[in-house]
Number of protein chains: 2
Amino acid sequence: MAERKRIVIVGAGFGGVALAKQFAKEDVDVTIIDRHNFHLFQPLLYQVSTAVLSEDEIAYPIRAFFRNNKNVEFFMAKAEGLDAERKVVLTDHGEVPYDYVILSAGATTNFFGMENVEKHSFGMKTLAEATHIRNHVLHMFERASKEMDDPEECKRMLTFVVVGGGATGIEESGALTELVDVQRKEFHHLDFDQVEVHLLEGMNTVLPMVSPRLQKHTIKVLEKKGVKVHLGAQVVDYDGKDITLKDGTKIPTRTVIWAAGIKAVPFVANCGGQLNRGGRIVVDEKLQVEGLKDVFAIGDCAYFQHGTERALPTVAPVATQQAKTAFKNVMKLVRGEKDLETFHYKDLGSMATIGRGEAVVNRTKINPEMTGFLAWCAWMMVHLIRLAGAHTNFTVAIKWVWNFMSGTRLGRIITNVKD
Amino acid sequence: MAERKRIVIVGAGFGGVALAKQFAKEDVDVTIIDRHNFHLFQPLLYQVSTAVLSEDEIAYPIRAFFRNNKNVEFFMAKAEGLDAERKVVLTDHGEVPYDYVILSAGATTNFFGMENVEKHSFGMKTLAEATHIRNHVLHMFERASKEMDDPEECKRMLTFVVVGGGATGIEESGALTELVDVQRKEFHHLDFDQVEVHLLEGMNTVLPMVSPRLQKHTIKVLEKKGVKVHLGAQVVDYDGKDITLKDGTKIPTRTVIWAAGIKAVPFVANCGGQLNRGGRIVVDEKLQVEGLKDVFAIGDCAYFQHGTERALPTVAPVATQQAKTAFKNVMKLVRGEKDLETFHYKDLGSMATIGRGEAVVNRTKINPEMTGFLAWCAWMMVHLIRLAGAHTNFTVAIKWVWNFMSGTRLGRIITNVKD
């Protein structure tokens with residue numbers, strides 16, 4: 001009898017969890033490696049950063065997925081590289097041997113080499129970063145309310161800048177203006193005319209993946225909500241006090257939230273495969289890493305360009321669709337079959353929420369374009385269904401309805417005060 | 001016309017918030033000072049530390065209480081002392097002038113001068129501490145599951161010690177055994193026979209405020225849940241690896257949770273009044289600080305001993321009852337009246353939960369003693385009603401029911417991993 005094969009999955013994002021769930025049903029041993037003990041629902045990070053949801057509503061313990069799968073083990077460690085010769089994953093807690101490994105390690109914030117910007121602004125890819133933003137933004141209001149002597153500094157504290165006109169930047173800047181409205185009711189002596197929310201986008205439009213009509217609609221709604229939208233605004237520097245654009249414009253601000261780009265996690269550079277310019281590991285049409293045996297890669301950390309005009313977007317549906325193909329192909333190899341499947345991406349459309357009661361939805365089956373309240377309901381449904389954990393669906397739904405009706409946000413607590 | 005009087009409240013615990021809500025309806029200006037921007041529901045801290053509830057379910061933004069009270073301001077700062085001559089509260093963000101000040105600054109953990117113990121064990125008085133315990137305990141399981149070479153160290157990681165047989169210690173140790181049961185289902189390769197939860201109490205019984213019958217019942221239930229209860233066990237040292245008792249016993253453990261004593265916050269020592277041995281500021285029967293003009297003190301930071309055999313317990317009902325008297329007396333002074341009211345404590349009984357479906361309730365109106373499921377339901381009701389925020393009552397109730405029925409805890413996320 002052949003030995004049970006050891007399948008190792010690096011990263012418990014959308015792709016990694018989808019993979020492990022499929023392998024869990026097979027006669028193989030599965031180890032899933034992640035530096036966090038939870039799967040993070042990244043599309044709702046902006047709601048944690050703006051005090052709508054609690055941390056544990058978008059973070060689900062990885063082990064809880066596999067409670068009934070004794071063949072799945074979780075290994076909490078930071079993956080550091082691959083030794084494809086010896087067939088082990090290298091981690092900060094030792095080596096994990098594999099017969100087949102799938103890299104689904106995701107992406108991190110890309111500051112495009114601007115060290116100053118990286119040092120002083122907030123990324124928004126991890127739970128800790130989202131909590132950090134919440135604490136900081138709330139703190140700015142508290143500090144400004146006590147800053148009586150220096151109006152310039154007060155204004156700087158009350159100016160919030162979001163960089164990047166993709167879904168994250170749109171959602172974050174929209175949600176910030178709503179947070180401002182909540183704060184307005186409770187700071188009885190603060191002049192809210194000073195508060196500004198800016199959205200900076202280097203290109204000449206927002207949301208590149210939706211139609212021009214929806215792009216215009218999005219900008220109109222954002223501006224109506226009070227967001228100052230700057231198109232063609234390229235950031236060149238930020239020293240923690242003033243953000244500088246290419247044309248020389250300076251905006252004084254204590255808060256820059258960077259949602260302007262991502263790159264593959266550095267880990268994949270230590271795996272031995274070929275990288276593209278964005279640092280993503282190149283895979284063939286079967287999702288195998290070119291040049292390495294028994295190594296697959298999917299999702300944000302993988303670069304796939306076969307039969308598509310441009311690289312696939314770094315979104316969850318790509319990762320989960322690739323998880324299916326990678327799973328099938330690994331199982332073919334386990335069974336000794338040769339005819340691996342080719343991956344084809346099926347675009348399911350895209351959506352972004354601009355705030356309470358407003359969203360844009362592009363290219364769905366039902367309707368090519370949707371905006372407004374209906375689009376927002378569709379957005380809520382899609383995100384609620386995909387959240388992990390039955391009781392979370394419930395508490396999140398309650399919070400959204402509560403938030404919509406009462407206009408309050410009870411998550412506005414500052415948790416990083418030194419005791 | 002007389003100028004509006006400035007009332008300053010130091011501390012937004014049960015007493016401070018109760019005070020501010022009463023003054024809010026009067027023709028006075030109120031400033032409430034706290035180093036946190038939230039009111040903390042301390043009785044449920046142990047549920048955050050054991051991954052039942054989220055942080056923001058027991059923390060309520062202070063400003064949200066006073067949304068409709070324009071005469072109430074919040075001042076986020078750490079109070080550092082009082083200058084009773086100049087009538088200002090000294091803080092790390094400047095001075096706050098008052099006409100009348102009420103100290104409701106609460107208590108902090110008392111390690112009774114044992115520096116080693118203080119350095120290596122976890123207090124459980126703040127939200128950050130509760131989150132810290134959750135992260136640490138969950139981390140111990142993850143680390144133990146990877147610790148294959150050193151069985152002694154593995155055992156040490158899986159031994160959890162709670163010190164103090166009061167309500168907090170009982171609740172924490174009971175909740176820990178339940179957390180262990182949840183973990184057991186998800187660590188497929190860890191030997192759970194190694195896991196131990198200890199409760200150490202220096203005296204010869206637990207829960208001094210309830211009847212001997214309830215004390216025995218509590219110990220019996222705890223032991224049935226798997227808690228090893230040690231009575232007459234006095235801690236003398238803890239170096240982060242082994243906790244040492246007075247009789248020389250050592251228990252190897254990486255986790256000591258200290259719930260064995262509290263003392264008044266150091267701030268009150270800088271207020272100029274007389275302190276008792278526990279560092280609490282001495283008040284007269286009108287709740288005025290002896291020797292200081294226009295200064296009142298209530299709750300855990302105040303020492304009141306008039307017409308009672310011993311000092312009042314450090315519990316929320318004392319603080320909220322004292323808040324009523326202090327409010328009335330300050331308003332009498334504002335109006336120029338002289339006949340201040342004398343404070344009388346009305347003991348409403350006490351309760352503690354020992355775990356899912358089990359609690360003890362002492363000296364209630366309805367029934368002098370209750371145990372078991374009914375007592376647990378009573379405990380839940382009392383705590384739900386007192387939680388601030390209507391939607392929190394709802395989500396917490398859902399979580400408790402979910403927790404009871406499914407035996408899972410979805411809050412088990414480790415949030416302090418360095419990225």
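In the predicted model, 57 residues of chain B are in contact with 57 residues of chain A, contact meaning heavy atoms within 4.5 Å. About 5,200 Å² is buried between chain B and chain A, with 57% of it on carbon and sulfur atoms; buried area is the accessible area (1.4 Å probe) that two parts lose on being put together, summed over both. Four salt bridges are counted between chain B and chain A, a salt bridge being a side-chain nitrogen of Lys or Arg within 4 Å of a carboxyl oxygen of Asp or Glu. Glu142(B) and Arg63(A) are joined by a salt bridge between their side chains (2.8 Å, N to O).

This is a predicted model, in which local features need pLDDT of at least 70, side-chain atom pairs count only at pLDDT 80 or more, and totals for chains, interfaces and linings use all residues. Residues are numbered from 1 along each chain as its sequence is written, chains are lettered from A and ligands numbered from 1 in the order in which they are written, and side-chain values use heavy atoms, with hydrogens and water left out.

Over all chains, the whole structure holds 43 salt bridges. Arg412(A) pairs with Glu186(A) in a salt bridge whose closest N and O atoms are 3.0 Å apart. This pair links distant parts of the chain, 226 residues apart: Arg412(A) lies in the segment after α11 (390–406) of chain A, and Glu186(A) in the loop between α7 and β12 (196–200) of chain A. Helices (H or I, at least four residues) and strands (E, at least two) are DSSP runs, numbered from the N terminus.

Helix packing was examined next. Axes are lines fitted to C-alpha atoms, for helices over the stretch in contact, and angles run from 0 to 180 degrees between N-to-C directions. In chain A, helix α7 (residues 167–184) and helix α8 (residues 212–225) pack at an angle of about 25°, with their axes 9 Å apart. α7(A) is therefore roughly parallel to α8(A), as angles under 35 degrees count as roughly parallel, over 145 as roughly antiparallel, 65 to 115 as roughly perpendicular and the rest as oblique. The residues of this contact of α7(A) with α8(A) comprise two nonpolar, four polar and two charged; Ala, Val, Leu, Ile, Met, Phe, Trp, Tyr, Cys and Pro count as nonpolar, Asp, Glu, Lys and Arg as charged, and the others, Gly among them, as polar.

In chain B, the axes of helix α5 (residues 127–146) and helix α7 (residues 167–184) come within 12 Å and cross at roughly 40°, which makes α5(B) oblique to α7(B). Ile133(B), Val137(B), Leu138(B) and Phe141(B) of α5(B) meet residues of α7(B) including Leu176(B) and Leu179(B). By class, this contact of α5(B) with α7(B) has seven nonpolar, one polar and one charged residues.
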